[in-house]
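Dear colleague,

Here is the structure I said I would pass on.

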Amino acid sequence: MYNKRPIAENIYYAGVNDRQKSLFENYIPLPNGVSYNSYLIVDEKVALIDTVDISFADIYFTKLDALLKDRHIDYLIVDHMEPDHAGSIGLLKQKYPNITLVGNAKTADMLNGYFHIDTPFHEVKEGDALSLGKLSLTFYMAPMVHWPEVMVAYESKNKILFSADAFGTFGTLDGDYLDEYLNTDKYWDEMRRYYACIVGKFAVPTQNAIKKLSSLDIKTVCPTHGPVWQKDLQKAVANYDAWSRYEAQEGVVIAYGSMYGNTQQLAEAVAEGILSQGIKDVVVHNVSKTDTSDILSDIFKYKGLIIGSPTYMMGIYPMIEKLLSYIEHRGIRDRYYSCFGSFTWAGAAVNTLTAFSRTMNWELVGTPVENKQAVFADKYQEAFNLGIAMADRLKTS
Ligand code: FEO
């Protein structure tokens, strides 16, 4: 009925795929779906690590029954209380009334707040261990990766880290849960989009967690979303490490809004200017067409960013406003930045976009281009020159 191959002796994958939901957290598109991962350790004691979204409780409990045979569950390890993982806790508690929930002091508050559950509860602190028999779990706090109660669990015999949201990705598990059996190429862009949208604001906590966990000997990472990492473990960790240091590669994102095509013409000219200098990695996004999560993901990828907006109701274009909000919330650092825009009777957008460089403490590259009404050769050249300036800055960085 499903993959019962253990991750290691007596340790099983028990998660589910969500191919139905359109929007994660009700605003981030899921074109490739997502998995909610749960893990089961069947030792002298039985421990379940995280649950799944409540929409999938039926199939989840069927899976658990098949793995458990006639055993009951002694412990539920609650690494993270966000409902995509904690959603089935209430039902699990109904099925196993004596189950002991394991978490930290912040988890206890949330368990009570979400489910009115307070006992039996086993509180753990940094470095505490829980023996299951032959195996044991040691807990490390990872606050704000992605919520304050987040913790991870390490099983030392098999060197497995149950990492909560860290090292997770969008994308369902199509046929297997283990990276060795999957073509993982399809996950890397989705991992960056997941990181940018979900974890991206929490760069310092992510760095802290990576540094703390680097002293552990880890052979397998079991995140709450996406593949179990073994073969590509180093790449998954290196990605999170680079993104949480806001490292980016040579290239430019041009994100523009345009009502009647004038700002778009400036975007074309900027792109031509960059390419004329031999920088090939340029992505041009029409903010009215491309989802903001995809643009944000590319901004995490590339060092250069140039934003264009028409003046709209004496301000900036609404979809550009949304993009700026996404960027500001994630506190993206160290980008080379510039801007351009059009207006018909009074300009405002370029001033606002220029000020955004100060908001983000980014280096403003070249001279922002502001165009009145239709774009003619002089403004086209200015925008082309802005592209050249960005290319030059990237080459000297
Ligand atoms: Fe996948 Fe922050 O929950």
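Predicted model: local features only at pLDDT ≥ 70, side-chain atom pairs only at ≥ 80, totals over all residues.

Overall make-up. The protein chain holds 12 helices and 22 strands. Its C-alpha trace spans about 80 × 40 × 40 Å along the principal axes. Of the 397 residues in the protein chain, 57% are buried. Taking contacts between residues at least 6 apart in sequence, 73% join residues that are at least 24 apart.

Surface and charge. The accessible surface of the protein chain is about 16400 Å², and carbon and sulfur atoms account for 50% of that. There are 38 positive and 48 negative side chains in the protein chain. The centres of these two sets lie 2 Å apart.

Cores. The largest nonpolar core has 90 residues. Within this core, the residues that touch the most other members are Leu40, Leu64, Ile73, Ile89, Leu92, Ile307 and Ile327. Helix H5, covering residues 188-199, gives the most to the core, with 8 residues. A separate core of 29 residues lies apart from this one, and its members include Tyr75, Val102, Phe162 and Cys222.

Leaving out neighbours within four places in sequence, Ile73 is in contact with Val46, Leu48, Leu64, Leu68, Leu92, Tyr96 and Ile99.

Regards

Key. Residues numbered from 1 in each chain as written. Heavy atoms only, no water. Core = buried A, V, L, I, M, F, W, Y, C linked by side-chain atoms within 4.5 Å. Buried < 20%, exposed > 50% of the residue type's maximum accessible area, 1.4 Å probe, protein only. Helix = DSSP H or I, 4+ residues; strand = E, 2+ residues; numbered from the N terminus. Contact = heavy atoms within 4.5 Å. Areas by Shrake-Rupley, 256 points an atom, 1.4 Å probe, with all protein chains shown as cover. Lys, Arg positive; Asp, Glu negative; His and termini not counted. Charge placed at Lys NZ, Arg CZ, Asp CG, Glu CD.
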